[in-house]
Amino acid sequence: MNVSTILIILLIGAFATYFSGDKLSSKVALLFSLAALGCSILLLNNYNAGENISLITSWINQPKISFALNADGLAMAMVLLTAALTPIIIFSSFGNEYKNAKAFYGLILFMAFAMTGTFLASDGLLYYIFWELALVPIYFIALIWGNGDAEERRKAVVKFFIYTLAGSLFMLTAFIYLSQKANGSFLIEDLYKLNLSACEQFWIFLAFFLAYAIKIPLIPFHTWQANVYQKAPTVGTMLLSGIMLKMGLYSVIRWQLPLAPIAAKEYMYVFIALGIAGVIYGSIVALRQNDLKKLLAYSSLAHVGLIAAGSYTLTLDGLRGAVLQMIAHGFVVVGLFFAAEVIFRRFETREIAEMGGIRTQSPKFTSMFLILVLASVALPSTFNFVGEFTVLYSLSQINIWFAVLGGTTIILGAYYMLRMFQHVMLGETNSKTFADVSLNEGISFAVIIAVLLFFGFYPKPITDLITPSLETILQVINKN
Amino acid sequence: MDTNLALILVLTPLLGFLVNVFFGKSLGKTVSGAIGTIAVAISFVVSLLLFNQITSTGKGIQVTLFDWIQISNLKINLGFLLDQLSVLWLLFVTGIGSLIHLYSISYMHDDENMHKFFAYLNLFIFFMITLVIGSNLLVLFIGWEGVGLCSYLLIGFWHKNQNYNDAAKKAFIMNRIGDLGLLIGMFIIGSMFSTLDYATLQTAVAGASDLNSPLLSLAALCLFIGACGKSAQIPLYTWLPDAMAGPTPVSALIHAATMVTAGIFMVTRLNFVFDAAHDVQNVIAIIGGITSLVAATIGLVQTDIKKVLAYSTVSQLGLMFLALGFGAYEVAVFHVITHAFFKACLFLGSGSVIHGLHGEQDMRKMGGLRKAMPITFWTMLISSLAISGVPFFSGFFSKDEILMTAFHHNISLYVVGSIASIMTAFYMFRLMFLTFFKEFRGTEEQKHHLHESGSLITIPLIILAILATFGGLISLPGNSWLNEYLAPLFSKAAGEEHHLGTTEYTLMGVAVLGGILGILIAYIKYFKQDNVPESDENITGLSKVLYNKYYVDEAYDAVFVQPINSLSKFFRDYIETGLSALVFGLGKVTNEIAFQGKKLQSGSIGLYLFVFVLGMCAIISYIFLAQ
């Protein structure tokens, strides 16, 4: 068995869901996503036992593209993140009714398929295909099932689509250039072996940067984010913020840094600074947001800024912290957007000003929401602290001021999150009734919280999984 | 065995928390309160056992559970260190903690969310224990932020009131400013010595060649910023008075006796780092001195009984930092302990008063409670005598040692500390006279219901008053059990104790006279002359400045909070819109180019021919010119 099994399960699942009809589709989708999760865990087991679970077969001869899936620890970590979040995301949507549900759930599985492929692909063009493929389902999910004024929504979603597509085209160009140099091969190990001049690397680095900076997003390329997060259905927002933006961060580590190491070292300070600027900017903008989902979007912007800064330090700590934080952020942000959805189901609003006084009516929901808020501000004993601490530590080793400035997230994050929590949850009892969480909702929250707390105290399994692959990547970066 | 004991110590309060969170409501108020209290009492018993073991063997116990966070040059595990310092702290945290839990059973009985109150209190004890017994700085940090969280939850316990929620949020955020300092300090220490573990660090620092290096000083300064946040020192003190929004047992436990001493604990724990950074020690002494004076002046005019005690706490913590700054760690620890006794007693006493008056906290509406509440009165009187430094009460010994240390190091800081102490005596007896003497100034309704609190409230008061009286015995001048007990922690020679000479007796006499002077002024003003503080609008002049706490909150608001909010609005309304328009603009430009290009495809043969001929000419002339 190799990792292609996961892809096959998800792809078959997408079609099976579509053909199972509107009534059954959500359950079928959940079943297949759980099967994919089970398969990933099985494969992880085999991988830890030393078995080879990668796959390389030739696919297209001219140009020479291989169907190459390389599952190292880093890729497996990201695949597991996707495989674990997808069923949670699907299950969390059980309280909602969707028109044409079969297409909706089919697209979710298709997106999971494309994202998993992106994490696994070790052939440049195959990777590019998966990368672009993932954009298609989210485009339709946001456009068709989104909320708010249809014209506004179309504008935001089309902007997102074209913007990210445009960025990716630079990456495609870079790949074509690289494969010319590597005698037509797109395989990652061939590309890693290239000896490019500093000038070539600069342009390659920049081309990748455009694709990733828009996808992640880093400031000032983030303008699509808040609007799309707000207008997409919550499931779409979760897919985007929980998994898809990690595609960009993961790709920085997998492709951008090792393919252009000289440039990465040369311009390290610039890109770390850019990431940190995003931390501060995102946090400050989040302070005065009236829309709950938009606030969370800007908080996401701040967090990914820190993750990117960690990656660009080119140190083992920085990379490790970045990956840990990617996973932790994936879970917490899905939980937070779900909390926003739970409130929307009852109050039918996302305006913070119309909320408040929920705590007296729903103690369970309050506790769970608060734990997520605390995880988001990286309270020690949550998984997010492990990641944030490691990243900040790596930054302090580059320059102590990076750690101080990046560390403002500790203060500003607490400020905007607690302020939000106060206005959303506390105060005099709201005049509208707020039913406490249902069993289904509770399960989704409980799973996320359990993951965040468990790895908060015991991150070792993940650290052990990702460290060898990160060391290998660092060897490639430092080969000269 | 040791591992099990340590785990029982830590996990019992956590278990109490979980039981109360999940089943507290259905168990009923009394049971839920009892579970919370027993959980802490068990930890107290374990602490006693550990104390016994440590005193007999003289050696600390190191427990390592498992690897936690892995960083290239650091290996951070989840482990505990039970030595003289941590066990001492455990004793009074769990001891006073048990008493305050007991007290709360009665005090919170009318609250519908009593089980939550006990859950949070238990969680607090869990984190406080973690803070104290962690074997490295990062485990301390779990507890450090954890107690901050509990403080947040308990200040905002009555969450319908948004003012209380504001206070809770303020406490958390101000603490986090300090926490960033602590983190940065950890980063520097980690990169300098490749460890965050206390034991290894001590060896590493001792072996380091360049002590007093700027980098180590920077680390010490950053750690001290952390201490300023948690222990409410200038400039991060303003959250503590606001924290009085929480129920009074919380003020007693968290915001007087235990959590706020975490900064002093951390500095004492890392005494070898601070000893190697003399310039930072000076900063600590100065900040401590100034804080003690500033807070005392504000305390002079406050009319809310809890606010007086809150500023008194800030002031006393300042005195402790004064001692820390001079490297007199054992003296600071001594005052931490005696202060925990009498301040917990004072807060619980004020709680008893507030309870008796159905929530009234304004001293202007109290008076004459002595007869109705004799136990509350006597216990608070004893504690007031103790805090004022009246001879042979516990506070006399500990405060005296601080002032004596200051005298030997720096005369001006000695004067500052002494003035703060005189003011302390004054405002404490102002509080006593206004609350317990003369006629009752409240409503008839309240007067009718005046009564002494129940035994669950008075028993803790009595025990604490006894401790406040005799607590000084642990460190008598010249013959200090405490100094001997703590000696293994400190690198300096044990012989540095003060010998009692003429200077010392003179200083003692001055301090006692100062205390009596303060009490006397209060007596004249509030008993003889029968003054009652003016109502808010009539307060003028210097009093008004003091009453409004030097307008520091307003200044912080104007300098930090408002600008950041304006910046946020500016970013949101202008930069975000601008950037967005820019991206759309790019799209529009592309569209426009396409639109203009389209015009060329008009279908007119004449135009095509013209362009064709023009092109031919251009190519031909290029070829000719190039040759």
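Before I start, one definition: UniProt positions are given here in the numbering used for this structure, feature names are shortened, and an annotation may be inferred rather than shown by experiment. With that in mind, and remembering that what we are looking at is a predicted model, let me begin with chain B, where an unreviewed UniProt entry places the feature "domain: NADH-Ubiquinone oxidoreductase (complex I) chain 5 N-terminal" at residues 68–118. In the model, that span is 57% helix and 25% strand, and its end C-alpha atoms lie 29 Å apart.

Now let me turn to the domains. Chain B is divided into domain 1 (1–135), domain 2 (139–534) and domain 3 (562–626), and the centres of domain 1 and domain 2 of chain B, taken over C-alpha atoms, are separated by 22 Å. Where these two touch, 33 residues of domain 1 of chain B are in contact with 47 residues of domain 2 of chain B. On the domain 1 side, β2 (74–82), α3 (84–107) and α4 (114–133) of chain B each supply at least two residues, and α3(B) gives the most, with 15 residues. That side divides into 24 nonpolar and 9 polar residues, with no charged ones.

Finally, a pair of helices: how do α13 (residues 278–299) and α19 (residues 411–436) of chain B cross? Their axes come within 9 Å and cross at roughly 25°, and, because angles under 35 degrees count as roughly parallel, α13(B) and α19(B) are therefore roughly parallel to each other. The crossing is left-handed, and the residues making the contact include Gly289(B) and Ser292(B) of α13(B) and Gly417(B) and Ala420(B) of α19(B). The residues of this contact divide into 9 nonpolar, 6 polar and no charged.

Definitions and conventions:
Residues numbered from 1 in each chain as written. Chains lettered and ligands numbered in written order. Predicted model: local features only at pLDDT ≥ 70, side-chain atom pairs only at ≥ 80, totals over all residues. Helix = DSSP H or I, 4+ residues; strand = E, 2+ residues; numbered from the N terminus. Domains from an automatic or database assignment. Contact = placed C-beta atoms within 7 Å. Nonpolar A, V, L, I, M, F, W, Y, C, P; charged D, E, K, R; others polar. Axes fitted to C-alpha atoms, helices over the stretch in contact; angles between N-to-C directions. Parallel < 35°, antiparallel > 145°, perpendicular 65-115°, else oblique. Left-handed = near helix turned anticlockwise from the far one by under 90°.
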